[in-house]
Amino acid sequence: MLFFLLPILGAIKSESYPRKLSNDEEREYLELFHNNKDQNARNKLIEHNLRLVAHIAKKYENTMEDKDDILSIGIIGLMKAVDTYQISANNKLATYAARCIENEILMTLRANKNKKNLVYLQSTISTDKDGNELELLDFIEDKDVDLYKSYENKKIHENLHNALKTLSSREYDIISRRYGLNREAQTQKEIASEMKISRSYVSRIEKRALLKLYFLMKDQK
């Protein structure tokens with residue numbers, strides 16, 4: 001479970017990084033994780049290498065990608081580094097992780113560049129009177145195909161239900177309102193008005209909650 005990623009993203013954005021582990025501490029956590037599959041040890045190795053992610057992510061601040069997205073991609077690279085690092089290797093974890101983080105960011109940037117001229121059903125092509133984005137899919141009608149039912153899967157629904165339980169009450173409230181969980185879906189503007197908070201704040205909470213759910217669902221495969 002990767003519910004610890006939300007405070008991690010908060011820490012990395014505020015530059016309030018956990019201290020660097022000593023060589024002995026790092027070795028101990030590596031052995032606990034790789035020999036005993038200790039997830040707490042894995043989390044510690046990730047948390048205490050956040051400064052490295054932030055340092056590398058700064059190199060790509062001038063790209064067209066969102067800064068938060070670059071940080072998130074960098075964290076994925078760090079996670080892969082911790083998972084695949086060989087204790088018997090001569091190089092240090094930080095050296096190996098730096099390559100993994102940079103490779104993950106570069107692969108994503110290249111993939112995004114190649115997709116730049118492609119058109120997807122989710123491509124934004126207009127906005128409605130409230131300023132909400134309208135996707136190509138909104139203008140396509142197919143009475144013979146139910147896109148939602150075609151992707152129904154009991155296990156996915158169970159995993160999503162469990163993942164939603166990890167959200168804070170405010171995160172769950174906003175996700176429920178935005179995506180119509182047991183209620184009618186609302187726009188960010190409507191949610192902001194009812195909750196008496198700014199639309200940008202709603203957007204930030206929604207983005208963090210979706211990122212949290214993404215990693216949880218990804219971890220559960």
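Start by selecting helix H8, residues 169-179. Its buried residues are Glu-171, Ile-174, Ile-175, Ser-176 and Arg-177. Buried means under 20% relative accessible area, with exposed over 50% and partly exposed in between (1.4 Å probe, protein chains only). Helices are DSSP runs (H or I, at least four residues; strands are E, at least two), numbered from the N terminus.

You are looking at a predicted model, where local features need pLDDT of at least 70, side-chain atom pairs count only at pLDDT 80 or more, and totals for chains, interfaces and linings use all residues. Residues are numbered from 1 along each chain as its sequence is written, and side-chain values use heavy atoms, leaving out hydrogens and water.

Step to the residue after H8. This is Gly-180, with a positive phi near 65 degrees.

Two packed helices are described by the angle between their axes and the distance between the axes. Axes are lines fitted to C-alpha atoms, for helices over the stretch in contact, and angles run from 0 to 180 degrees between N-to-C directions. H8 and H9 are therefore oblique to each other. Angles under 35 degrees count as roughly parallel, over 145 as roughly antiparallel, 65 to 115 as roughly perpendicular, and the rest as oblique. The crossing of H8 over H9 is right-handed. That means the near helix is turned clockwise from the far one by less than a right angle; anticlockwise is left-handed.

Show the side chains here. Arg-170, Asp-173, Ile-174, Arg-177 and Arg-178 of H8 meet Gln-188, Ile-191, Glu-194 and Met-195 of H9. Contact means heavy atoms within 4.5 Å. By class, this contact has three nonpolar, one polar and five charged residues.

Next, select H2 (residues 23-36) and H3 (residues 39-47). Their axes come within 8 Å and cross at roughly 140 degrees. That makes H2 oblique to H3. On the H2 side, pick Glu-26, Tyr-29, Leu-30, Leu-32 and Phe-33; on the H3 side, pick Gln-39, Ala-41, Arg-42, Lys-44 and Leu-45. This contact has six nonpolar, one polar and three charged residues. H2 passes H3 in a left-handed crossing.

Finally, color by pLDDT, the predictor's confidence in each residue, from 0 to 100. The chain averages 77, and 69% of the residues score at least 70.

Conventions. Ala, Val, Leu, Ile, Met, Phe, Trp, Tyr, Cys and Pro count as nonpolar, Asp, Glu, Lys and Arg as charged, and the others, Gly among them, as polar.
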